[in-house]
Amino acid sequence: MDVGAVLIAVAGVGGTLGGALLTQRGADRAKRRELEMTRAFEDAREHRELRRSCYTELHRDARQFSTALSRHLYVMRDRTAEAEDIQALEGIKDTYRDRWSEALMIASDTVVPSAHDVNEALTTVYGQVKRLEQGNPRPGENLRSAAEAQHSLWSQIDAMRDSMRCDLGVTDRQPYSVASNRGQLEAIRDDFGRTEGP
């Protein structure tokens, strides 16, 4: 038997087995990468869905809180707020506060600043409303100034909504610029000018 032929046969068998082993290892590595990419894609999709849900609820609750503040101001203009009026406002405020706390844990860094602006504005208007309700207004605070401050909330809520939509990839439009609708503001001034001074 020729030693060279045996060596060639052994090398051929070894190469065949080694090639199969390398092919298997490459396939395993590719499969692992594919699973990791699938997992990363699923995680990103779940995180986007979590943000979408949080943004939807925060936007809705901020709008409801702003509407409740407006409604409460009209109640205070027309009559003394009763326990059920106060409880309704407090309930909506508490729901919003819980949603805001959740959003701080989920929202992206691009959304938090506009959401923070909305939170600060809502809190400021709520403080004015409560001081007026309790007969303890600060200098310059009256129903009209509180109604004007409440009206300005809408443009800030719109800016927050636009930053949320941009973060979710729904639009690439830059966030809404904060501006006021003069016609609506004049109507509010008329509504609250009947009972309040300038």
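Biologist: What pattern does the chain follow when read along the sequence?

Modeller: The pattern is α-α-α-α-α, with five helices and zero strands in the chain. Helices here are DSSP runs of H or I with at least four residues, strands are runs of E with at least two, and both are numbered from the N terminus. The model is predicted: local features need pLDDT of at least 70, side-chain atom pairs count only at pLDDT 80 or more, and totals for chains, interfaces and linings use all residues. Residues are numbered from 1 along each chain as its sequence is written, and side-chain values use heavy atoms, with hydrogens and water left out.

Biologist: Why is Tyr-55 called buried?

Modeller: Buried means under 20% relative accessible area, exposed means over 50%, and partly exposed lies in between (1.4 Å probe, protein chains only). Tyr-55 has a relative accessible area of 2%, so Tyr-55 is buried. Tyr-55 lies in helix α1, residues 3-78. Leaving aside residues up to four places away in sequence, Tyr-55 touches Ala-107, Ser-108, Val-111, Met-164, Asp-167 and Leu-168; contact means heavy atoms within 4.5 Å.

Biologist: What makes Lys-130 buried or exposed?

Modeller: The relative accessible area of Lys-130 is 12%, and therefore Lys-130 is buried. Lys-130 is found in helix α3 and touches Ile-86 and Glu-90, not counting residues up to four places away in sequence. In the chain, buried residues make up 32% of the 198 residues.

Biologist: What angle do the axes of α2 and α3 make where they cross?

Modeller: The axes of α2 (residues 83-106) and α3 cross at roughly 160 degrees and come within 12 Å. That crossing makes α2 roughly antiparallel to α3. Angles under 35 degrees count as roughly parallel, over 145 as roughly antiparallel, 65 to 115 as roughly perpendicular, and the rest as oblique. Axes are lines fitted to C-alpha atoms, for helices over the stretch in contact, and angles run from 0 to 180 degrees between N-to-C directions.

Biologist: Which residues make the contact between α2 and α3?

Modeller: Among them are Ile-86, Glu-90 and Trp-100 of α2, and Val-112, Leu-122 and Lys-130 of α3.
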